[in-house]
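This report describes one structure for a reader who has not seen it before. The sequence and the model come first, and the description follows.

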Amino acid sequence: MIAVWPSSLPRPERDSWQRQSQEARRKTQADMGPPRYRRRFSGVPKLVTLSVLLDRNQRAVFDNFFEDACAQGALRFWMPDPTTEGWSLLTSGGAPLLTSAGVPILMAGRWLCAWGDQLPVETVVGIEFRKSFSIVVLP
């Protein structure tokens, strides 16, 4: 069974968000001219660095999720895609699309993730805790 990111945790902070594709090309250097590239593999993971700002209770939830549900970062987990999940669908003019009842239509998306090379690092910010870490979003 794959663990699921706790819904009580907040969205990642925008300031620390960084997403990058893993290198999926094989480079061949020609005798002359520019190098050539070809695909090394078709499923390319994304490397994401992020942080979340947590109160004391959320910190306990995060620590329990990482330590127990994910076995200190050894197990994979499902996480809502912070760039998609819960955001309103918009018209070309930027207005939210609504149902017939007038409720905004929300997008949904989730990622299958593995913990990245940077395991959670905790810093204190006033009375809150910032957890910074990296994840690998699997294809």
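## A hairpin and its surroundings

Strands β8 and β9 form a hairpin with two residues between them, and G126 in the turn has a positive phi of about 65 degrees. Helices (H or I, at least four residues) and strands (E, at least two) are DSSP runs, numbered from the N terminus. The model is predicted: local features need pLDDT of at least 70, side-chain atom pairs count only at pLDDT 80 or more, and totals for chains, interfaces and linings use all residues. Residues are numbered from 1 along each chain as its sequence is written, and side-chain values use heavy atoms, with hydrogens and water left out.

Two strands pair if DSSP finds at least two bridges between them. V125 stands opposite E128 in β9.

S132 is also placed in strand β9. Contact here means heavy atoms within 4.5 Å. Leaving aside residues up to four places away in sequence, S132 touches L50, S51, Q118, L119, P120 and V121. M1 is 131 residues from S132 along the chain, and their C-alpha atoms are separated by 26 Å.

Helix α1 spans residues 56-69 and contains V61. When residues up to four places away in sequence are not counted, V61 touches P6, S8 and L9. Between V61 and L97 there are 36 residues of sequence separation and a C-alpha to C-alpha distance of 34 Å.

The loop between α1 and β6 holds A71. Q72 lies in the loop between α1 and β6 as well. A71 has a positive phi of about 50 degrees although it is not a glycine. For Q72, also not a glycine, the positive phi is about 60 degrees.

## Cysteines

How many disulfides are there? The count comes to zero, where a disulfide is a pair of cysteine sulfur atoms within 2.5 Å. For C70, which is in no disulfide, the nearest cysteine sulfur is that of C113, 9.5 Å away. C113 is likewise in no disulfide, and its nearest cysteine sulfur is that of C70.

## Accessibility of selected residues

Residues are sorted by relative accessible area: buried means under 20%, exposed over 50%, and partly exposed in between (1.4 Å probe, protein chains only).

| Residue | Relative accessible area | Class |
|---|---|---|
| V61 | 30% | partly exposed |
| C70 | 0% | buried |
| A71 | 34% | partly exposed |
| L89 | 31% | partly exposed |
| C113 | 0% | buried |
| S132 | 22% | partly exposed |

## A nonpolar surface patch

L89 lies in the loop between β6 (77-80) and β7 (110-115). Together with L97 and I105, L89 forms a nonpolar patch on the surface, with about 190 Å² of accessible area for the three together. Patches are made of residues with over 30% relative accessible area and no salt bridge; like charges are joined within 9 Å, and nonpolar side chains (Val, Leu, Ile, Met, Phe, Trp, Tyr) within 5 Å. A salt bridge is a side-chain nitrogen of Lys or Arg within 4 Å of a carboxyl oxygen of Asp or Glu. Accessible areas come from the Shrake-Rupley method with a 1.4 Å probe, and for residues only the protein chains shown count as cover.
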